[in-house]
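The structure comes first, and the description follows.

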Amino acid sequence: MNAFRFLGDMTHLFSVLVLLLKIYATKSCSGVSRKTQELYMLVFVARYLDLFTDYVSLYNSVMKVVFITSSAAIVWCMRRHPQVRRTYDKEQDTFRHVVLIAAAFLLALIFNERFTFREICWAFSIYLEAVAILPQLVLLQRSRNVDNLTGQYVFFLGAYRAFYILNWIYRYFTEGHHSRWIPWLAGLVQTALYADFFYYYFLSWKNNVKLELPA
């Protein structure tokens, strides 16, 4: 654990809390991609299969439980909550996320650290997380106007990955050139996907105007 890893975890957690606040306070999921949330739930379940078999620390276990349960709660609200589900924009959220799942699974079968069930699931979660934000970004571009809480949610998700890249760089120089190429490459791809959003987020903050993305 180092400062960059901790800040990454906290910004990730904060992004989830922001989204939960939006849904529960406004009883609306307008502007939120259910497909992205389903992908994240799949990411956490696949990655944290070791929750009940490998104990690392209380912090580690709590964070795993929080991310699994919070993602499941968000998906449940968007699918089952009587008020929230009525605000879901199914017509705009049309990205074929099944393609992302299939591609991530295929990559995990080919490129993994060990050809075991747990390692393939771990690699699958890394590849899928790298592109899980795509349905959300596409939805925001189609709707153009981005409400404040949704914008902050996406911003903190991107910040989480940026801190993790700094964490990997720090570990590389302080832990005997520690490196794991799968999360490094996937993390760079994931961060690059946020570049356009960050640019318009910065402009909206600088000019003190509502965030709008180009169609």
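## Packing of H1 and H7

In this predicted model, helix H1 passes helix H7 in a left-handed crossing. H1 covers residues 3-26 and H7 covers residues 148-174. Their axes come within 7 Å and cross at roughly 165°. Because angles over 145 degrees count as roughly antiparallel, H1 is roughly antiparallel to H7.

The contact of H1 with H7 is made up of 16 nonpolar, seven polar and three charged residues.

## The largest pocket

The volume of the largest pocket is about 1000 Å³. It is lined by 38 residues, of which Arg5, Arg47, Tyr48, Trp122 and Arg180 are the closest to its centre. By class, the lining of this pocket holds 19 nonpolar, seven polar and twelve charged residues.

Several helices supply at least two residues each to the lining: H1, H2 (34-47), H3 (58-80), H5 (117-131), H7 and H8 (181-193). H5 gives the most, with seven residues.

## The second largest pocket

The second largest pocket has about 150 Å³ of space. H4 (97-110), H5 and H8 each supply at least two residues of its lining. The largest share comes from H8, with five residues.

Among the lining residues are Leu100, Leu107, Tyr127, Trp181 and Val189. The lining of the second largest pocket consists of twelve nonpolar residues, with no polar and no charged ones.

Technical notes: Residues are numbered from 1 along each chain as its sequence is written. This is a predicted model: local features need pLDDT of at least 70, side-chain atom pairs count only at pLDDT 80 or more; totals for chains, interfaces and linings use all residues. Side-chain values use heavy atoms; hydrogens and water are left out. Axes are lines fitted to C-alpha atoms, for helices over the stretch in contact, and angles run from 0 to 180 degrees between N-to-C directions. Helices (H or I, at least four residues) and strands (E, at least two) are DSSP runs, numbered from the N terminus. Angles under 35 degrees count as roughly parallel, over 145 as roughly antiparallel, 65 to 115 as roughly perpendicular and the rest as oblique. A crossing is left-handed if the near helix is turned anticlockwise from the far one by less than a right angle, and right-handed if clockwise. Ala, Val, Leu, Ile, Met, Phe, Trp, Tyr, Cys and Pro count as nonpolar, Asp, Glu, Lys and Arg as charged, and the others, Gly among them, as polar. On a 1 Å grid over the protein atoms alone, a cavity is a set of points where a 1.4 Å probe fits but cannot get out, and a pocket is an open set with protein on both sides within 12 Å along at least five of seven lines; lining residues have an atom within 4 Å of a point. Grid points are joined across faces, edges and corners, and a volume is the space filled by probe spheres set on the points.
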